[in-house]
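Open the model in your viewer and keep the sequence panel beside it.

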Amino acid sequence: MVGEIVAQAVADVRARPDVPAAELEMRPAPDGITAEAWRHHVTVGRDLVAQHRAAQHRIGVIALEVVPAYVADHQAEDVLARVANDIGITTAEILACRRYAISDDVRAMDGW
């Protein structure tokens with residue numbers, strides 16, 4: 001149902017000849033940065049975010065090796081506080097990484 005609605009909306013937009021297709025300007029912006037340079041910056045930023053998320057997931061897996069998933073956060077806090085101190089992050093951060101590794105949901109990392 002949703003797919004049909006989206007397909008119809010796309011077909012309606014494509015069928016309108018009075019709406020010109022968006023063209024990306026290749027000339028430099030007023031600050032001298034070209035669209036290609038912005039694309040490069042965005043790509044680098046996305047790669048860095050992906051690396052950061054992967055590192056957080058690895059920290060969470062390490063935390064799960066130390067304290068298994070069936071142990072509640074408040075019970076795991078004392079042990080993981082020592083691990084967090086050893087790797088230079090806070091207890092709240094390692095607990096968030098642990099929740100991220102358990103759920104595989106990046107929203108567990110909100111606030112870090």
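Which residues in H3 meet which residues in H4? Select Asp 73, Ala 76, Glu 77, Leu 80, Ala 81, Val 83, Ala 84 and Ile 87 in H3; they meet Thr 91, Ile 94, Leu 95, Arg 98 and Arg 99 in H4 (contact means heavy atoms within 4.5 Å). By class, this contact has eight nonpolar, one polar and four charged residues. Ala, Val, Leu, Ile, Met, Phe, Trp, Tyr, Cys and Pro count as nonpolar, Asp, Glu, Lys and Arg as charged, and the others, including Gly, as polar.

This is a predicted model: local features need pLDDT of at least 70, side-chain atom pairs count only at pLDDT 80 or more, and totals for chains, interfaces and linings use all residues. Residues are numbered from 1 along each chain as its sequence is written, and side-chain values use heavy atoms, without hydrogens and water.

Now show both helices whole: H3 is residues 73–87 and H4 is residues 91–103. Helices are DSSP runs (H or I, at least four residues), numbered from the N terminus. The axes are 8 Å apart, at an angle of about 115 degrees. Axes are lines fitted to C-alpha atoms over the stretch in contact, and angles run from 0 to 180 degrees between N-to-C directions. H3 and H4 are therefore roughly perpendicular (65 to 115 degrees).

Next, select H2, residues 35–66. Its buried residues are Ala 35, Gln 56, Ile 59, Gly 60 and Ala 63 (buried means under 20% relative accessible area, 1.4 Å probe, protein chains only). These pack against H3 and H4.

Finally, zoom out. The protein has four helices and zero strands.

Definitions and conventions:
Helix = DSSP H or I, 4+ residues; strand = E, 2+ residues; numbered from the N terminus. Parallel < 35°, antiparallel > 145°, perpendicular 65-115°, else oblique. Expected span 1.5 Å × (residues − 1). Buried < 20%, exposed > 50% of the residue type's maximum accessible area, 1.4 Å probe, protein only.
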